[in-house]
Amino acid sequence: MTYKEKIDKSRLPAHVAIIMDGNGRWAKQRGYDRIVGHQNGVTSVRETTEAAAEIGIKYLTLYAFSTENWGRPKQEVDALMELLVGTIEKETPTLNKNNVRLLAIGDLARLPEGAEKKLRNCLKQTENNTGLSLVLALSYSSRWEITAAVKAMCQEVKAGSLNPDDISDETVSSHLNTCNMPDPDLLIRTSGELRISNFLLWQLAYTELYFTETHWPDFRKENFYQAIYEYQQRERRFGKQSEQLTTENGEPKNNL
Ligand code: IPE
Ligand code: IPE
Ligand code: MG
């Protein structure tokens, strides 16, 4: 039986986020330049997007470029920008065909001018699609996002449109780039690194974490389905006792 067949379709995660890591090591192991690893990672993005759409996942967020990645050598940053924007442009007709809505989170103003324009154009072209939402984290870091949210809330307080006493969890969430999205249920990180690397710190509060040794360019549909299957074997307690989950609201245990 494949992992795809083993998945319980009635208990799918609404939102899966992925830290796509290991492109450089994948290339190095094969004696290639790092950019070849990034190029091969595009196939994995395509496969994973298709895999998510096939089973009806609502949100898939991919960490494509972090704020910290701007600190890499210029040659790699330039090549990555070209690859990212070129791929997005090339794939937009396919996204439209498959009813996929492309979204972006991050400090897009930091992208090279041409790249930002091209990206915004692709976002516009898919904005009315109603299937999978594919969220690209580009020039993204969680501390940047939270800092921007704090600044925006302070401005509203100063202008008199926000009362500090009314600030709640939801107020903070609604000032993040991810407003209107559910928090991730499952986070996958490839290539064996056991860290979050400044990704969705607020949103991951109760996310199930899944780490795999597989490098991103080797990641295929069955790897994605395996992660979802393993997520479904876990019990999400959200601070409660296991026994409470069976009784409250009459819902069955493990109703994720
Ligand atoms: C992930 O692969 C892609 C980006 C961060 C843009 P890496 O380039 O980090 O690959 P490793 O971790 O060096 O192997
Ligand atoms: C995280 O990967 C960022 C992306 C996947 C875009 P990195 O490879 O940059 O993370 P660190 O620096 O090893 O933590
Ligand atoms: Mg890395």
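I count a polar contact as a pair of N or O atoms within 3.5 Å. I also kept in mind that this is a predicted model.

**Ligand 1**

I started with the backbone around ligand 1. A polar backbone atom of Asn-23 is 3.2 Å from an oxygen atom of the ligand, and for Gly-24 I got 2.9 Å, again from a polar backbone atom to a ligand oxygen.

Next I looked up where ligand 1 sits, and that is the largest pocket. Helices H2 (23-29), H3 (34-55) and H4 (74-97) are the elements giving two or more residues to its shell; H2 gives the most, with 3. I found 13 residues around ligand 1, with Asp-21, Gly-24, Arg-25, Arg-34 and Arg-72 coming nearest. Sorted by class, I have 3 nonpolar, 5 polar and 5 charged residues in that shell.

**Ligand 2**

I then moved to ligand 2, which sits in the largest pocket. Its surroundings include Tyr-63, Phe-65, Arg-72 and Arg-189. Strand S2 (residues 59-66) gives the most to this shell, with 4 residues. By class I noted 5 nonpolar, 3 polar and 4 charged residues.

For polar contacts I checked side chains here. Arg-195 has a polar side-chain atom 2.7 Å from an oxygen of ligand 2, Asn-69 has one at 2.9 Å from a ligand oxygen, and a side-chain N or O atom of Asp-21 is 3.2 Å from an oxygen of ligand 2. On its own ligand 2 has 390 Å² of accessible area, and the protein covers 78% of it.

Terms used:
Residues are numbered from 1 along each chain as its sequence is written. Chains are lettered from A and ligands numbered from 1 in the order in which they are written. This is a predicted model: local features need pLDDT of at least 70, side-chain atom pairs count only at pLDDT 80 or more; totals for chains, interfaces and linings use all residues. Side-chain values use heavy atoms; hydrogens and water are left out. A residue is near a molecule or strand if one of its heavy atoms lies within 4 Å of it. A polar contact is a pair of N or O atoms within 3.5 Å; within protein, one must be able to donate a hydrogen and the other to accept it, and residues adjacent in sequence count only if both atoms are side-chain atoms. Accessible areas come from the Shrake-Rupley method with a 1.4 Å probe; for residues, only the protein chains shown count as cover. On a 1 Å grid over the protein atoms alone, a cavity is a set of points where a 1.4 Å probe fits but cannot get out, and a pocket is an open set with protein on both sides within 12 Å along at least five of seven lines; lining residues have an atom within 4 Å of a point. A molecule sits in a cavity or pocket if more than half of its atoms lie within 2 Å of its grid points. Ala, Val, Leu, Ile, Met, Phe, Trp, Tyr, Cys and Pro count as nonpolar, Asp, Glu, Lys and Arg as charged, and the others, Gly among them, as polar.
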